[in-house]
Amino acid sequence: MPDRPSAGDESTLLRWMRLEIGRINDGIVSERKRLSRLLSEEHPSSVTKGGSEYGFDRDALHRLEQALPGELQRRLRLPILFYFDSTVPDSLFLADEAAMQALQSLGEISPLRRMQGGRLWIAKPLVYAIMNRYPTVMQVVMG
């Protein structure tokens, strides 16, 4: 078929990649809730972009509650989202100042770190180590 696009055609590949990234991101929470609200829920949860329930680990929420000042608990929306950018293969970025302040309060990143251009880049191994310590309260968004 002469009208059929080639699998190597860049636009076909890009459309396919966007479709796959969309499927991967279906598990990302669509409504991020404040920590203070999640703590008040009997079963802390939210809904994903794909429509599934996303449950939060209550122990991780309580650890955040104990470590973060009240003002930050009211501003922090969970899950904290780290963004993947294929042009920077060894790092992920935060785009949420309250999340940066929370990670600083938790001692996970230096208090000297500052956002530049609305982003704070963090090395992947550090992000994954943080995610292991606080299960369900952080997610990676594919871009």
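Which residues of helix α3 are buried? In this predicted model, local features need pLDDT of at least 70 and side-chain atom pairs count only at pLDDT 80 or more, while totals for chains, interfaces and linings use all residues. Residues are numbered from 1 along each chain as its sequence is written, and side-chain values use heavy atoms, with hydrogens and water left out.

Helix α3 spans residues 58–67, and its buried residues are A60, L61 and L64. Here buried stands for under 20% relative accessible area, exposed for over 50% and partly exposed for what lies in between, with a 1.4 Å probe and protein chains only. Helices (H or I, at least four residues) and strands (E, at least two) are DSSP runs, numbered from the N terminus. An α-helix has 3.6 residues a turn, so residues three or four places apart point the same way. D59 and Q66, on the other side of α3, are exposed. The buried residues pack against α2 (35–40) and β4 (77–78), where contact means heavy atoms within 4.5 Å. At the start of α3, the backbone nitrogen of D59 has a side-chain oxygen of D57 within 3.0 Å.

A side-chain oxygen of D96 comes to within 3.0 Å of the backbone nitrogen of A98 at the start of α5, and just after the helix G107 takes a positive phi of about 80°.

Attention now turns to the sheet. Its 4 strands form an open sheet with mixed pairing, in the order β7-β6-β5-β8; two strands pair if DSSP finds at least two bridges between them. β7 (120–123) and β8 (138–142) stand at the edges, each with a single partner strand, so one side of each has no neighbour in the sheet. On average, neighbouring strands are turned by 35° against each other, direction ignored. Helix α6 (residues 124–133) packs on the sheet and touches β5, β6, β7 and β8, its direction making about 85° with that of β7. For such angles, axes are lines fitted to C-alpha atoms, for helices over the stretch in contact, and values run from 0 to 180 degrees between N-to-C directions.

Within the sheet, β5 (residues 80–84) and β6 (residues 91–94) pair in the antiparallel sense over 3 bridges, with Y83 opposite F93. β6 and β7 are also antiparallel, over 4 bridges, and S91 stands opposite A123. The covered face of β7 holds L120 and I122, the uncovered one W121 and A123.

Rings of Phe, Tyr and Trp (its six-membered ring) pair if their centres lie within 6.5 Å, with planes under 30 degrees apart counted as stacked, over 60 as edge-to-face and the rest as tilted. The whole structure contains 3 aromatic pairs. Y54 and F56 form an edge-to-face pair, at 5.2 Å centre to centre and 80° between the planes. Y83, F93 and W121 form one aromatic cluster.

How values were computed:
A polar contact is a pair of N or O atoms within 3.5 Å; within protein, one must be able to donate a hydrogen and the other to accept it, and residues adjacent in sequence count only if both atoms are side-chain atoms.
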